[in-house]
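Okay, thanks for coming, everyone.

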Amino acid sequence: MTRFIHDQFAKDYLEELLKDYGEVKPSEKVSGEIKEIDVLFTPSARQTANLQLLGLLGRFAEYPAILEPFRNPASSDEICDCIVKLLEVKAELRREAKGNKTKLQEETIPKLWVLTPTASPAILSSFNVNRKEEFVPGVYFLGDALRTAIVAIHQLPLTPETLWLRVLGRGRVQEQAIVELQALPLNHPYQQAILELVYNLRENLRVNQELEEEDRELIMRLEPLYQRDKEQAIQSGEQRLILRLLNCRIGEINASLIERVRGLSIEQLENLGEALLDFSGVADLEAWLNQQEG
């Protein structure tokens, strides 16, 4: 049951990261008896420099891509099914080109990225994979004609370049990635949106009655991060309110005093909210802050 929760999280997660760079079609249906493509991505004509922020995932998104994330290690049959989906898409593009009496351009054919937490030597050997020097360890390519790579997430190096893929891992790999995600600068363009998806995953898992031990551990590890972010959001709201009240009461205050106010705890902010009713000027605020810091 929880696999479907993780599958939906992976689709939502990839859509959130890639939506600014092109067209994202989660659960795209293809002809034949194959069910669905998890994520079909078509980059926009004009790429932006921000794509580099996605590291290795950004490199995958430089060209049309089919992204197939697996919660459990992908089996040989599952990888073959993904390849069939790719071939179905390629066949459809060929039919369209023929109907339009144009030549199918190689760069319009998607590349398939199978995102699996682990890939055993036997699995990799069965597909006769090879490594490419320009890609980090953990990325294995099939023959060029197949336009396919198997990405073993747990084999990726622990670097910022791989962070956005390691979030889709399992166990400690995923937990470590979430800790790194939470430690990103507050102004990072993707941090808050992705944390919200992670916390939604936590809530969806909490209401499930048949949790695996690994999911229980994930919920426990997310709890302190969730509480800390919740407290930070409350504190940020308190800061904005107090600063507005101060501006109304004693006029605009300088940047130095603003930073001192932002350094107060939630309890101190609440106390300041009561004390400022008696302020008549900036000197009163300075005296109150000095008292708190003394």
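So, overall size: the protein has a radius of gyration of 25 Å, while a compact globule of 294 residues would be near 19 Å. That radius is taken over C-alpha atoms, and the globule rule is 2.2 Å times the number of residues to the power 0.38. Along the principal axes, the C-alpha atoms fill a box of roughly 80 × 50 × 35 Å.

Quick caveats. This is a predicted model, where local features need pLDDT of at least 70 and side-chain atom pairs count only at pLDDT 80 or more, though totals for chains, interfaces and linings use all residues. Numbering runs from 1 along each chain as its sequence is written, and side-chain values use heavy atoms, with hydrogens and water left out.

What does the secondary structure come to? We get 11 helices and six strands; those are DSSP runs numbered from the N terminus, with helices being H or I of at least four residues and strands E of at least two.

Of the 294 residues, 43% count as buried, meaning under 20% relative accessible area; exposed is over 50%, and partly exposed sits in between (1.4 Å probe, protein chains only).

Now zoom in on helix H10, residues 266–275. Its buried residues are Leu269, Leu272, Gly273 and Ala275. Looking down the axis of H10, they fall within an arc of 165°, so they line one face of the helix; the arc is that of the directions from the helix axis to the C-beta atoms. Turned away from that buried side, you'll find the exposed residues Glu267 and Glu274.
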